[in-house]
Each structure stands twice: as structure tokens, then as C-alpha cells.
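Trainee: Please take one part of this model and go through it closely. I would like to start with aromatic ring pairs and go on from there.

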Amino acid sequence: MFYLKVLEITSLYTILVLGIYLMTGLTGLFSLGQGGFVSIGAYTAAIVYMRFGLPFPLALAFAIVVGAVLGFLVGIPTLRLRRDYFLLVTFGLGEMVRAGLLYLAQLTGGALGMAGMPKKVGLPLILGSIVVITFITYSLKRSRFGRDCIAIRDDEMAASMMGINVYAHKIKVFMISSAITAYGGALYAFNILFIEPNLFNWLESAKLIIITFVGGLNSIAGVIAASAIYYSFGEFFRFIDVWRDVLLAVVVVLVIIFRPGGLFQGLSLLPSKLKRKGR
Amino acid sequence: MKKSILLLLSLAVILGSVSPVFAGGQTEEGGPIKVGMYADLSAGTAQWGTDAEKGARLRIKEVNEAGGIMGRPVELVIYDCKLSPTEAVKAYARLATQDKVPAVYGSLISNTALAVSPVAAQTKVPVISRAMDERATTPGFDPDDPENPGPANPYFFLLQPSAFQQAAVIAGYAIDELGMDTFTMLYDKGNAYAEYLAKGFAYYVEKRGKKMLGSFEFQSGDVDYKAQLTKIKELGADGLFIPNYVTQNANAVKQARELGVKARFLGNNSWYKPMDEVAGPAADGSYFPNNMTFDDPSTQWFFKSYKAEWGEEPRLHSFSGYDDMGFLLEAIKTAKSTDPEAVRDAMEATRKFEGIIGTINIDPQTHRPVGLPMAVLRFVGDQIETVEYKYLPKEP
Amino acid sequence: MNWNILLQQIVNGISLGGVYALMAVGFGLIFNVLKFSNFSHGGVVTLTAYIGFFLSKYLIANFIVTFVLTAAAGGMAAVVIERLVFRPIRRKGYPISMLIVNSITVAMLVQQFFAVTLGANYYSYPNFIKETALHLGNLTVSKIYLLMLGISAVVLGALTYVIRKTKIGIAIRAVSSDISTPSLMGVNVDFVISVAFFFSGVLGGITGYLLGMTFTVDPFIGSMILKGIIASIIGGMGSILGGVIAGLLLGAAESLLIAEIGAALTPMVIYGSIILLLLVRPQGIAGKITEVKA
């Protein structure tokens, strides 16, 4: 039962990592505020279910839609900014979400958080979600859409000269990512059964970015592997688990310097025989 | 693609089945009795977690020196939950299902308690905790209707007065012993612990017919409260209640002094050491409740013992760890069994556990202690002194 | 609201702004001149806050001496970080995003390191200044905040002079706009960048020491730097003065807003306004629009 729980939690976080893989790994958008989307997804689903009595699947759907819509609204003004400005603006947005959740205490319970959600989310749903999301991400990556993402990541100016509408593309990516992240948040709410506004701060958001880099910008499997290892690390290495984040930091620095494709850069989801030549 | 998912899953399963070699559950009769504990050993409240661990270990050592329980030695299995609810849930699950402990000592802090509480109800291994948030023991608690807490979680116990109870102690003392009539407060809006104390304080003050002139919040990461304190100064109340964590309280106190706020400061049990080192003389004249006090003659032996064992002075949660682990072990002894159900029943039936911090008398309705007094202390300069060893406020 | 209170709130705000301005200057040197958001600055601040504490508590109980030593330590730390973490990336020509990720990682490393090792303790600097506040009539100002404000101003002036007028300053500016050309002209790019980092590290050390002195030392003290970073960004790329002004405005706005609408709504208003500002005027208050490089 315990290992089930570990698998559940690890997989939940992996969904979140996959959520930002599309925008950060493939498209090079760095956001310190994705934690805000996790919270929004979690609270939307929880509020819709607990306060308005809607059925659980609808609650999930709501979370996804709200995530996408907010991604759109947030993206429109902010995606024109340079990378580090975007990073900071999204940090600010994450803080705004947190403050907003604390303020709207009537609806959200404020600092007291929300509890009492029934456990609707078990391992099957989580793993199933990972499969679906991986499939979506993989297909996007391999398609024209994904190639455009990578082009933008590597050199925005060149990409726009090649005729890619960088701005519109970024918005689509951001919307999809935010929707996935919000979905992950909703799953969290109905699995851990307690949510509070401080759930996912900028440091956790930063970790998602970092894990993506460790896993490998071009490797979905790599990112999944890195995420699985990090979030279940404590279970297998109890004695140094306290140092987990320090280790992560060291590993990341080394990886970026010596193996910038990521620790698992060679790992691909399909054995190479099945892949089409030329990417 | 399904292949790799399968690969990952099988990896997890393989590692999982290999791990019991390293772990190992409750063994046959005659082996040591493992008791579980999870605490914040790193992250923001790490000091409390490590203190509690030391207190718990000291108690276990004493019990073992006296022959153990039912002739078996006690062994502590402890995990770091890093102030994170998900880590706490994992730690609890591991203790309950892998290490198969009869009971778990966990959650000094409310956020982890609230995450573990429902899991405990399902897993049916009892948890004792210091989390003052009423919802950990009575999940239906509504701070706006504190008289009706709802049913208790059968597998969760609180061993110190809850937030509302503690707020009542200091509010009652302020009204009855210090003669205060008007109050303001400054608390961390993002922290349920502080917010519950604040609500409890306001509730008690109003029930006693006194006035809350103003209630001011700050965001969790803020360190500067001058804007709020300037308004507080303007309101001129008798008392200012500051119920947050140590560094926030210290910052608030120093800044309030600087601005010349006239109110007397009232605190929570986070005002005990090391608040004296961190706030220094700015805290002069403040009063706060605490679970224990350091010059109580009946507890001096603990200071000596602890210092001999760990080489440092015990702090608040050193006492917590010692008492709470004692309660847990006593329940196992009374139940004469390591079956979690039997231990749970013994816990619920505990009426007179003599801890160093007081006599614990569990109310089976709420799973919280009843009539547990607290000490009231005050700052004179930058020194803490005891004013009351055991104080219980008047009913509102 | 009566005038006295309003004045006090403004004073509160400006002095808080002084804290942010100091952070903005430290961050701003690398940001404005090398055009790179160096989040590891927070790590340097945290590290030096601890160093300053241990120096003043256990070694020498003298404000000036420990202050200077800590500042120097900060400088060295920054240089070390540059050489170990940023230089290899720069040398290999990787995109800037890698630098940013690594800088965040360093900040996280420092924070988590202290959380694991010393996080269980709260440290308070010895009381060098007995009376921490200045009373001017009805108003109260914190001396340390004033000190921070003063240092920001001095540093700003000094930096501006150095950047404009001295050889090393010109070299730094040359390097920031184009990494390869200056080396063709005989400038030792590595050395120049190290110098820039040294200065920013010294500022980080000053910031860490003063922050540690005012508020308690804990592993999360570096997170305060985010406000300073925000100020730098609003101030605009290319202008350290912009960052300082933005810091002051940020502090003032925060204090007044908290006083008026409470701490709950304030972040929303502040961040909302910042976002608006950046949308309408992406170059910030005083900056120039620069090309996005890859």
C-alpha cells in the first residue's frame, strides 16, 4: 500500500513536470508561476465539486478549461516580453494567485485551506493520465507544431524569419501547458485531499523547470525518468533524503555544463528502429 | 511508448520488492517494538522537529533502560517530512504499512497534520500530534462555530491545547490578570496556525465582552510590518496579539518598539526560546502562554537529563517529544499489545497521563485534552520569567 | 487619515524602498551591464548573511571589520560562482536560458544547503546599534534602513562613475554588448566579467550583512531578493539608477497599499501594476529596448 502511495505521488508530480515540458523544454518559456496554475486547477476542481455539487468528471473538466482560459488571458499580455522578464512576471502572477486565494477566503477557505474532498483519484486515473498526456506531448513534439516550438526555443529571431508566428505559437503552447498543469492540480486535490494556498510556491515551480533540464530538453522519456527519480528518491535513499534538493542542484549544474542535452538525452520513448529518420 | 511506461512500472515494482530487504516490518514476538515518527527535520520549522526527535529519543532510552515494554526494547523509526504535506503522507504510509508500527508520532505543524488525518482514518494506525488546528482531530470544525466541532477522527489525537484553547489562555489572562479591555492583532494571513489562534483570540475576547479594535494581516514572506504597525499604534489598544512563528514575531516586536507602539504585546507558544535571543530586549513586558516553563521545580530533572544526553538546553518541543512519546508508549503498555486498534483504544481511554507538561486527559468526543493548563510567562528585559505555572482561563 | 500618520507611512515606505534599492543595485550590476538575470545573487546574499553572523558572533565583535570582511567574502563567492557555474556555459556558447536555469539552481542550492545544515537554528546578529531608530519629531525612521538607502546612493554614484569613466568600466560595457569583439581588441573578457561579478558579490555581501542584521538570519533570507530583482526589472534594462528608483517606489507603494487596503490585496495590486507597466512600457522606467539574443 505504501509503494502505491509513493507511486501515486510521484506520478502526480510527473504530470506537473510533463505539463511544463511543452512550454519550457520544447519552447523555452520559463515560468516561475506555474505553481499558480496547479493551485488554480486544484481549487477550481475542489470548489466546483464541494461548493457547487457538480460531479467529479465535470470538476476535472472545469479545471482544465479554467487552466486553458487563464493561460490564454495571462499569455496574451506577457508572452511578448523577453525571457527573463517573462520569468519574473510569471513569478508575480504566482504570488497574485496565492494572495487571491488567501483573500477570497469565503470561497476558498483562505489560509485554512480546503479539506474533505473524497478520494476520487487513484493510481489508475493518474497513470492513465500520464499515458494520455505523454501521448499528446509526444505527438505534438513530432509534428510541425513541435518543430516550430523547438525552433522558437533555439533562436526566436530566426524562427520568426522562417515565417513562424512566434507570438501566436507561444500562446497556444502556454495554453496547453497551463491546462495540463491545472489538470494535475485537480488530481492532486482529489488524491491528497487537502489543499492550501501555499501549496506550490515559486521554488517548487523552479524545481519543475530544473527537473525538465535534467531530464533532457528533447526527451520526453528522459523528463519522465528524471521526475520519477527525483520525487521517489526519498523512498530509496532515506538516509540522505534531507540532502535531496542540494543534490538536485548539484546534478543540474553539472548536467547543464557537461551534458546539456540532459542526463537522459539519448533516451527516447520508442526504440530507434521504429522512429522515422530525420527530425 | 507503452513499452517504456511498462518499463518504468516494472522498475518501480522490482525496486519495491527489493526494498523490504532494507526495511522490515514489525518482527516476531521478542523483537524490538518499532514506533514511528515523522517530523520536519529540514525546512522552515526544522528546529522544532529536531527538538521533538531528541525529546522522544530520550524517553525511549529511559523506557529501554527500565526494561522496555512487555520485555521488548523500543526502537524509533523516524522520517523527515520537510514541512510538506505530501512528504508527511508518504512518511506516515511507510510507517504504517512498511514498518508496521503500532502508532505514529507526527505533525508538530498543522498543514502536515491535515493531510495525514484522512489517511490515518483509512489506514487505521493511530497518530498522536501537536497540531493545534482543530480540524486535524475534528475534521468538521468551523472556526465561526467553535462550539460544535463535529465528530472526531478516531485515529488522530492532539496532545496539547488546541488553537482556540491556547488563544483563550492568553486572552483570559490579559483580561482577568492584566485588566485589558481593548485589543489589536497582527498575524500571518497565509498560515492556518496563526489564523486559528487569531480567530480563537477574537472569539474569546468578544465572548467576554471586550473589544477587538483592529485585526491586521501580513503575507507569509513579508518581514516588514511597519505599515500595519503604524495603524496599530494609531488605534492605541491595550494589547497587541502577535501569534506567528519565531522570526516573524521577533521582527514584529522589534519594529513595533521602534515605532513606539504603546500596547503590551501578547504572544503564543512560539514566544518561548529562542525568541529571547532573536527579539532581545524589544520583547520586554510581553506576556505569552507556553506548554511548559523552565524554572518549574518539578521539571528540573528533565533539564539535567536532556542536557546530559544531548549537550544542549531543551526547548519547547524537546518537552513535547518527551511527553508525546511517553503517551504513545504508555498506550502500548496499557493495551498490552502492538495491535494498532488496541493501542488506539487505549489512547482514547487515557484519562490521567502524567506528562511533564501536564496531566493529559483525552476527551473521547474531540480527541483533544481537557482541562490542560498552560504556563504564562513574560519578558523582563530580554529574559523570560514564569508568572503562572498552571493557568486555566475562565470560561467565556 | 491624519497627516502625521500619512507622513509616517510614507517614511516607512521609503525606508523599505531603501532595502529594495540596495538589492536592486546588487542585482542590477550584472543585469544592467551584462544583460543577464543572475538569480544566484540571492544565494550570495544568504551565504553572506550567515558568514557575517558567524564572524561577528564568534570572531570579532566589531561592526566595521566584520562588515568589510563579509562584503569581501561576498565578492569572492560571486567570482567562484561565475567561474564554476557560468563560465563553462558561456565558453561553450550555450543559450542564455541555460545560464538563467543554473543561476536559479545555485540560489536553490544555497538555500537548501543552509536549510539542511543550519536551518534548525535562528541566528540573530549581536546588537551593534543600541537605539535602532531615529526619532524626528513625530516620525520614526529605522537607522539601518537609512543606512541601506545611503549605501545604495553611494554605490550607485560610484558604479556610474566606474562604468562610465574607468577603463575597467568601459571594458565591462563592451563585453556586455558583444562577447567576441572585445577579445579581438585585446580585452581579457574572462577577467572583465570576473571583476563585474566581484563587484556584484561585494554588493551582495553588503546586502546580506545588513539584511541579516535587521531581520533574523535563516535560509530563506535570499528569497527577499526577488523584490529587488523585480525592482531592477521595472527600473529597466541598462539603467541601475532606474532600478534604485523603482526600488524606492516599490517600497513606498507597498507600505501605503498595506496601510490602505491591507496585506491581503496588496500583492495583487502591486504585481498587477507591474505587469501592466511592463506591457505598456517593456523597457521599464528608464531602460532601453535591447535585442533579444537567442
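Mentor: Start with the rule. Two rings of Phe, Tyr or Trp (its six-membered ring) count as a pair if their centres lie within 6.5 Å. Remember too that this is a predicted model.

A search of the whole structure finds 49 aromatic pairs over all chains. Take one of them, Phe54(C) with Tyr123(C). Their ring centres are 5.4 Å apart and their planes stand at 65°. Planes over 60 degrees apart count as edge-to-face, so this pair is edge-to-face. In general, a ring pair is described by the distance of the centres and the angle of the planes.

Now place the two partners. Phe54(C) sits in helix H2 of chain C, residues 40-59. Tyr123(C) sits in the loop between helix H4 (96-117) and strand E1 (133-136) of chain C. The two residues are 69 residues apart, so the pair links distant parts of the chain.

Tyr123(C) has 11%, so Tyr123(C) is buried. Phe54(C) has 29%, so Phe54(C) is partly exposed.

Ring pairs tie Phe54(C) and Tyr123(C) to other rings, including Tyr50(C), Phe53(C), Tyr58(C), Phe63(C) and Phe67(C). Phe113(C), Phe114(C), Tyr125(C) and Tyr209(C) are also among the members. Trp243(A) belongs to the cluster too.

Step back to chain C. Chain C holds 10 helices and 2 strands. Along the sequence, the pattern is α-α-α-α-β-β-α-α-α-α-α-α. Of its 294 residues, 60% count as buried.

Look at the strands next. E1(C) and strand E2 of chain C (residues 139-142) run antiparallel and are joined by 4 bridges. Leu134(C) faces Val141(C) in E2(C) across the pair. The hairpin of E1(C) and E2(C) has 2 residues between the strands. In this hairpin, Gly137(C) takes a positive phi near 65°.

Now the space between the atoms. In general, rolling a probe the size of a water molecule over the atoms shows where empty space is left. The largest pocket has a volume of about 990 Å³. Of the 42 residues that line the pocket, Lys254(B), Glu277(B), Val278(B), Ala279(B) and Ser124(C) are the closest to its centre.

Which elements supply at least two residues each to the lining of the largest pocket? From chain B come helix H9 (246-259) and helix H10 (275-279). From chain C come H2, helix H5 (143-165) and helix H8 (189-214). The largest share of the lining, 5 residues, comes from H9(B). By class, the lining has 19 nonpolar, 11 polar and 12 charged residues.

Arg80(A) lies over the face of Tyr167(A), 3.7 Å from the ring centre. In chain B, Arg59(B) lies over the face of Tyr322(B), at 4.0 Å from the ring centre.

Last, some backbone angles. Gly137(C) was a glycine with a positive phi. Leu193(A) is not a glycine, yet its phi is positive, about 65°. Leu193(A) lies in the loop between helix H9 (166-192) and strand E2 (194-195) of chain A. Its relative accessible area is 8%, so Leu193(A) counts as buried.

Lys124(B) is also a residue other than glycine with a positive phi, near 65°. Find Lys124(B) in the loop between helix H4 (110-123) and strand E4 (127-129) of chain B. Lys124(B) has 41% relative accessibility, so Lys124(B) is partly exposed.

Gly236(B) follows helix H8(B) and has a positive phi near 60°. The helix itself covers residues 226-235, and its buried residues include Leu229(B) and Ile232(B).

Methods
Residues are numbered from 1 along each chain as its sequence is written. Chains are lettered from A and ligands numbered from 1 in the order in which they are written. This is a predicted model: local features need pLDDT of at least 70, side-chain atom pairs count only at pLDDT 80 or more; totals for chains, interfaces and linings use all residues. Side-chain values use heavy atoms; hydrogens and water are left out. Rings of Phe, Tyr and Trp (its six-membered ring) pair if their centres lie within 6.5 Å; planes under 30 degrees apart count as stacked, over 60 as edge-to-face and the rest as tilted. Buried means under 20% relative accessible area, exposed over 50%, partly exposed in between (1.4 Å probe, protein chains only). A charge sits over a ring if NZ of Lys or CZ of Arg is within 6 Å of the ring centre and within 35 degrees of the ring normal. Two strands pair if DSSP finds at least two bridges between them. On a 1 Å grid over the protein atoms alone, a cavity is a set of points where a 1.4 Å probe fits but cannot get out, and a pocket is an open set with protein on both sides within 12 Å along at least five of seven lines; lining residues have an atom within 4 Å of a point. Grid points are joined across faces, edges and corners, and a volume is the space filled by probe spheres set on the points. Ala, Val, Leu, Ile, Met, Phe, Trp, Tyr, Cys and Pro count as nonpolar, Asp, Glu, Lys and Arg as charged, and the others, Gly among them, as polar.
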